[in-house]
Amino acid sequence: MKSKILSLLGVSIFLLVLTMSFTAATISMNVISGNNQHVLAGEPATITFTLKEEGEFNASNLDFGVPVTLISGSNELTGSITGNFTDLVANTTSDTITLTFDTTTKEAGEYNGDLILNGKYNGTAFPELSFSLTITVDPFVYSLNVPSVTIPAGQTSTTFTITNNGNVDLKNIVLTPLNGDFTFTLSPSPFDLAVDATKNIEG
């Protein structure tokens, strides 16, 4: 009878170890800001997030296998990670983790890829986890909306509004009137105009 009890106990322990060995990781990525974002070429693209262990086991040796790479055709964005995330106690959330991509000299386009997480549960490696990321690098658009202005006969001045409808702040703007029946100057000149900003012009 003792041998049967010991055998059953041994089988139970073996099944427990086997179950733990094949337990999938239950860690979620909670994005704080930045995924699916748009940036201009040359600006850093930053994603902040946390990791949460959903109550299974203590996780250790967590590693994203940096550098993280996103692809757009034949172009790549390379990212680096900062933050304390190596270990994660069961049912807790990590500190904020920051993933930063350098878009300097990069072509415009939609860059996609996966953030791959590896680690261990109670000393046993779990299958890698994958989190999808998307960053769109927008081209520079320099655009100034200047209305067509007609000055009625008998008037010698006018006021109109212009808008920066591009995606880049404009500096040292100088407006020059087209040839007409009389000569006038526009003010202010020169001036700066931020994206989506407007300016009243007098002439």
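"Buried" means under 20% relative accessible area, "exposed" means over 50%, and "partly exposed" is in between (1.4 Å probe, protein chains only). Strands (E, at least two residues) and helices (H or I, at least four) are DSSP runs, numbered from the N terminus.

This is a predicted model, where local features need pLDDT of at least 70 and side-chain atom pairs count only at pLDDT 80 or more, while totals for chains, interfaces and linings use all residues. Residues are numbered from 1 along each chain as its sequence is written, and side-chain values use heavy atoms, leaving out hydrogens and water.

**Who sits beside E11**

- Strand E10 (residues 144–145) pairs with E11 in the antiparallel sense over 2 bridges; two strands pair if DSSP finds at least two bridges between them.
- Leu 144 has Asn 164 in E11 as its bridge partner.
- E11 also runs antiparallel to strand E14 (residues 198–202), joined by 5 bridges.
- Within E14, Lys 199 stands opposite Ile 162.

**Aromatic pairs**

- The whole structure holds 5 aromatic pairs. Rings of Phe, Tyr and Trp (its six-membered ring) pair if their centres lie within 6.5 Å; planes under 30 degrees apart are stacked, over 60 edge-to-face, and the rest tilted.
- Phe 49 and Phe 64 make an edge-to-face pair, because their ring centres are 5.9 Å apart and their planes sit at 85 degrees.
- That pair links distant parts of the chain, 15 residues apart: Phe 49 is in strand E3 (residues 45–53), and Phe 64 is in the loop between strands E4 (59–63) and E5 (68–72).
- Phe 49 and Phe 64 are both buried.
- Phe 57 and Tyr 121 are edge-to-face too, with centres 5.5 Å apart and planes at 65 degrees.
- Phe 57 lies in the loop between E3 and E4 and Tyr 121 in strand E8 (residues 109–121), so this pair ties together parts 64 residues apart in sequence.
- Tyr 121 is buried, with a relative accessible area of 3%.
- Phe 49, Phe 64 and Phe 85 form one aromatic cluster.

**The whole protein**

- Its secondary structure comes to 1 helix and 14 strands.
- Of its 203 residues, 31% count as buried.
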